[in-house]
Amino acid sequence: RILILDFGSQVTQLIARRVRESGVYCEIWPFTTDPARIKAFAPRGIILSGGPASVNGPDAPRIPEIVFDMAVPVLGICYGQQALCKQLGGEVESGDHREFGRAFVDIVEDCALFRGAWARGGREQVWMSHGDRVTAMPPGFRTVAVSEGAPFAVIADEGRRLYGVQFHPEVVHTPHGAALLRNFTHNVAGCSGTWTMAGFREMEIARIREQVGKGHVICGLSGGVDSSVAAVLIHEAIGEQLTCIFVDHGMLRAGEAEEVVSTFQGQFNIRLVHRDASDIFLSALDGVTDPEIKRKTIGRLFVEVFEEEATKLGGAQFLAQGTLYPDVIESVSFTGGPSVTIKSHHNVGGLPERMNMKLVEPLRELFKDEVRDLGRELGIPENIVGRHPFPGPGLSIRIPGAITREKLDLLRKVDTVFLEEIRAAGLYDAIWQAFAVLLPVRTVGVMGDGRTYDQACALRAVTSTDGMTADVYPFDMGFLNRVAGRIVNEVRGINRVTYDITSKPPGTIEWE
Ligand code: XMP
């Protein structure tokens with residue numbers, strides 16, 4: 001396995017993605033990690049990420065000495081390369097010369113990193129993003145690729161198996177970057193590339209069995225990708241020792257609750273408690289218009305209802321959660337200070353402490369795409385594995401103003417038509433998330449010869465890779481006309497349709 005030491009780059013996670021795609025297991029740890037822990041991890045190779053600091057700055061992050069003591073292959077990327085040079089006796093210049101974006105490097109020598117991908121004498125496109133640059137190599141190194149802005153674009157000390165690249169091989173804008181990383185992990189570090197989802201499934205099942213023993217596990221199931229995959233995996237490991245609790249807050253989309261029950265109880269034979277708690281949630285939300293109060297009310301009630309059901313089951317020692325790797329990576333932060341709360345996200349945080357349970361988190365080493373692959377490996381249907389994200393507070397945050405059963409029904413109908421059309425047009429997988437919002441306004445319209453005075457709705461569809469930023473999906477007008485026509489004709493009570501064309505930022509994906 002490979003260790004990635006993080007120096008705070010925005011794209012460190014991409015290094016891990018590329019390494020894992022080549023079948024090699026890796027983890028990301030901060031550069032400040034205790035050296036004993038690094039040694040105990042026993043990586044076959046170490047990758048040093050980029051980062052925003054300058055190696056010549058006063059508190060410049062340093063590569064822990066243990067990295068050199070272990071004598072394993074090291075690849076420094078951008079800041080990682082500069083730190084490598086500086087600490088091994090080279091020189092780095094902080095200058096006005098900044099280089100951002102697309103650049104070309106010329107390959108001047110053969111190198112183990114280039115095997116089968118880059119040839120001597122060739123020119124390769126790469127993606128640069130740096131202010132500092134290496135100006136003198138440490139003893140033992142030679143230059144194997146150069147660019148105009150970076151005379152030491154790739155440097156290598158093949159004796160000690162130390163490598164440095166000035167650009168970012170992990171991003172897609174470096175077309176052959178993945179091959180370079182693969183050469184490092186496979187050819188230089190000698191990893192075999194046998195880490196697959198099938199292998200992960202076997203390993204994780206054994207791990208769950210060992211952790212749980214004869215104990216009982218409860219798992220909150222929402223129908224979303226993460227909890228679904230966690231539940232099916234745990235069920236495969238311990239069968240009847242797992243019980244899933246599905247708290248139905250009454251604000252799910254059309255047909256969703258039935259689908260959860262038929263898939264997990266029907267198809268997978270998982271013990272499932274389906275608690276219809278819509279009365280409790282809707283009466284607590286009666287008249288509530290403030291988005292944060294909606295979110296907090298739902299979060300609190302969810303925990304209460306879940307706890308009530310868990311208590312009825314009696315005596316489970318373990319709580320399963322679909323925690324993913326991005327939630328557990330210890331991040332390197334140079335900004336400090338708390339960030340502002342834009343929205344309080346609804347999750348089951350706090351439950352394990354309250355209920356005094358141990359956690360089972362079988363997905364905590366996986367990225368979202370890997371969870372989807374694992375789900376497919378486990379035979380979970382595509383409509384669940386490939387589904388768009390859906391927020392914990394459900395449709396409540398897509399109805400600005402007070403929530404009623406009537407409004408929920410109206411919104412479900414609009415949402416269904418919109419998604420039907422998206423699927424029919426073959427666009428579902430190209431979109432990160434698509435949904436409808438019921439607007440708290442009535443507007444005048446004309447249908448046939450009559451005047452209407454009904455509600456307006458908004459449609460939203462965005463593309464994104466992680467939900468942190470998002471672009472509006474550029475539907476063609478023909479598609480939007482068709483959807484709007486169907487909604488106004490088929491959903492009684494709606495006479496106007498708008499399309500939300502706000503990206504994130506400045507908008508958020510959900511309206512509340
Ligand atoms: P925003 O609206 O903040 O949403 O741009 C980013 C992503 O997060 C989802 N979302 C939530 N997911 N609980 C969740 O599990 C929540 O409370 C929640 N609020 C927003 C949202 O749907 C989008 O994918």
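A: One term to begin with: two residues are in contact when heavy atoms of theirs lie within 4.5 Å. This is a predicted model, where local features need pLDDT of at least 70 and side-chain atom pairs count only at pLDDT 80 or more, while totals for chains, interfaces and linings use all residues. Residues are numbered from 1 along each chain as its sequence is written, and side-chain values use heavy atoms, with hydrogens and water left out.

Q: How many residues does the largest nonpolar core have?

A: That core has 48 residues, and F281, F418, I422, F475 and I487 have the most contacts inside it. A nonpolar core here is a set of buried Ala, Val, Leu, Ile, Met, Phe, Trp, Tyr and Cys residues joined through side-chain atoms within 4.5 Å. Buried means under 20% relative accessible area, exposed means over 50%, and partly exposed is in between (1.4 Å probe, protein chains only).

Q: Which helix gives the most to this core?

A: Helix α15, residues 405–424, with 8 residues. Helices (H or I, at least four residues) and strands (E, at least two) are DSSP runs, numbered from the N terminus.

Q: And which domains does this core draw on?

A: At least three residues come from each of domain 2 (197–385) and domain 3 (404–499). Apart from this core lies another one, of 42 residues, with A230, A231, F318 and V360 among them.

Q: How is the chain divided into domains?

A: Into domain 1 (2–188), domain 2 (197–385) and domain 3 (404–499). The bounds come from an automatic or database domain assignment.

Q: How far apart are domain 2 and domain 3?

A: Their C-alpha centres lie 29 Å apart. As for contacts, 8 residues of domain 2 are in contact with 5 residues of domain 3.

Q: New topic: M197. Buried or exposed?

A: M197 is buried, because its relative accessible area is 12%. M197 lies in helix α6, residues 197–212. Beyond its neighbours within four places in sequence, M197 is in contact with L366, E370, D373, L374 and E377. The C-alpha atoms of M197 and R376 are separated by 9.5 Å, though the two are 179 residues apart along the chain.

Q: What about helix α8, what should its span be?

A: The 12 residues of α8 (256–267) should span 16 Å at 1.5 Å a residue, and the end C-alpha atoms are 15 Å apart, so the two agree. The expected span is 1.5 Å times one less than the number of residues.

Q: Which residues of α8 are buried, and what do they pack against?

A: E256, A257, V260, V261, T263 and F264 are buried. They pack against α7 (225–238), β11 (242–248), β12 (271–276) and α14 (382–385).

Q: You mentioned β11. How many of its residues are buried?

A: 7 of the 7 residues in β11 are buried. On one side those are L242, C244, F246 and D248, and on the other T243, I245 and V247.

Q: Last one: how many disulfides are there?

A: The search of the whole structure finds 0 disulfides, a disulfide being a pair of cysteine sulfur atoms within 2.5 Å.
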